[in-house]
Amino acid sequence: MVDPAVFEKVGYDPEIWSGYAFGMGIERLAMLKYEIDDIRLFFNGDVRFLRQFR
């Protein structure tokens, strides 16, 4: 769910509007291609993990 504060910032009334936020970033595509089951592996800072995708 989108935080009501986000709607307020852009001028929409959160009492009227609600929504969902989702995305399909490059990480998710790589997860599908390489059968990776945890997206946190991309962001934990372990360069050894990232180098295998060169």
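This is a predicted model: local features need pLDDT of at least 70, side-chain atom pairs count only at pLDDT 80 or more; totals for chains, interfaces and linings use all residues.
View A. The phi angle of Glu-35 is near 55 degrees, a positive value in a residue other than glycine. For context, most residues other than glycine have a negative phi. Glu-35 has a relative accessibility of 72% and therefore counts as exposed, the cut-off for that class being over 50%.

**View B. A patch of negative charge on the surface.** The residues that gather here are Asp-3, Glu-8, Asp-13 and Glu-15. Glu-8 belongs to helix 1, which spans residues 4-9. With a relative accessible area of 52%, Glu-8 is exposed.

**View C. The salt bridge between Arg-40 and Asp-38.** The model has a count of two salt bridges, one of which joins these side chains. The closest N and O atoms of Arg-40 and Asp-38 are 3.0 Å apart. Arg-40 is exposed, at a relative accessible area of 60%, whereas Asp-38 is partly exposed, at 23%.

**View D. The salt bridge between Asp-46 and Arg-48.** The side chains of Asp-46 and Arg-48 meet at an N to O distance of 3.0 Å. Asp-46 counts as partly exposed because its relative accessibility is 25%, which lies between the limits of 20% and 50%. Arg-48, at 66% relative accessibility, counts as exposed.

**View E. Aromatic pairs and the cluster that contains Phe-49.** The count of aromatic pairs in the model is five. One of them is formed by Phe-42 and Phe-49, with ring centres 5.3 Å apart and 75 degrees between the planes, an edge-to-face arrangement. Both Phe-42 and Phe-49 are buried. The rings of Phe-49 and Phe-53 have their centres 5.2 Å apart and their planes at 75 degrees, so this pair is also edge-to-face, given that angles over 60 degrees fall in that class. Phe-49 counts as buried because its relative accessibility is 12%, which is under the 20% cut-off. Phe-53, by contrast, is partly exposed, with a relative accessible area of 25%. Tyr-34, Phe-42, Phe-49 and Phe-53 form one aromatic cluster.

Terms used. Residues are numbered from 1 along each chain as its sequence is written. Side-chain values use heavy atoms; hydrogens and water are left out. Buried means under 20% relative accessible area, exposed over 50%, partly exposed in between (1.4 Å probe, protein chains only). Patches are made of residues with over 30% relative accessible area and no salt bridge: like charges are joined within 9 Å, nonpolar side chains (Val, Leu, Ile, Met, Phe, Trp, Tyr) within 5 Å. Accessible areas come from the Shrake-Rupley method with a 1.4 Å probe; for residues, only the protein chains shown count as cover. A salt bridge is a side-chain nitrogen of Lys or Arg within 4 Å of a carboxyl oxygen of Asp or Glu. Lys and Arg count as positive and Asp and Glu as negative; His and the chain ends are not counted. The place of a charge is taken as NZ of Lys, CZ of Arg, CG of Asp or CD of Glu. Helices (H or I, at least four residues) and strands (E, at least two) are DSSP runs, numbered from the N terminus. Rings of Phe, Tyr and Trp (its six-membered ring) pair if their centres lie within 6.5 Å; planes under 30 degrees apart count as stacked, over 60 as edge-to-face and the rest as tilted.
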